[in-house]
Amino acid sequence: MKKNRTIAIAAAALLAAAMLLALTFGDRGLLDVYRLHKRDKALTGEIAAANAQIDSLKAEVRRLRSDTSYITKIARESLGMAKPGEKVYIFVTEDKK
């Protein structure tokens, strides 16, 4: 009787250890859940950054479609354009080594 009880306790302990290992290291174990949670947080941050960039670009498109003073500013600063009769001066600096 005592031998059977010892075997049953050992089998139960072995089963409990196997279940604990599976719960910790299995496909859907605690480590996997932690890894997925960490990845979810990172992806959520990337999505938020992408949405902010999309909103910024949509605002830029709206301004380019409707705000003529903004279009003029962009044309002057980025493209070096000028109105008829204006003179554009470009200052060149020398790099001293």
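**View 1. Asp-32 in helix α2 of a predicted model.** Asp-32 sits in helix α2, residues 30-66. Helices are DSSP runs of H or I of at least four residues, strands are E runs of at least two, and both are numbered from the N terminus. Asp-32 is buried, at a relative accessible area of 19%. Buried means under 20%, exposed over 50%, and partly exposed in between, with a 1.4 Å probe and protein chains only. Leaving out residues up to four places away in sequence, Asp-32 touches Gly-26 and Asp-27. Contact here means heavy atoms within 4.5 Å.

The model is predicted: local features need pLDDT of at least 70, side-chain atom pairs count only at pLDDT 80 or more, and totals for chains, interfaces and linings use all residues. Residues are numbered from 1 along each chain as its sequence is written, and side-chain values use heavy atoms, without hydrogens and water.

**View 2. Helix α1 and Leu-23.** Leu-23 belongs to helix α1, residues 2-25. Of the 24 residues of α1, zero are buried, so the helix lies largely in the open.

View 3. The protein chain has three helices and zero strands. Its radius of gyration is 34 Å, well over the 13 Å that the globule rule gives for 97 residues, so the chain is more spread out than a compact globule. The radius is taken over C-alpha atoms; the rule is 2.2 Å times the number of residues to the power 0.38. Buried residues make up 4% of the 97.
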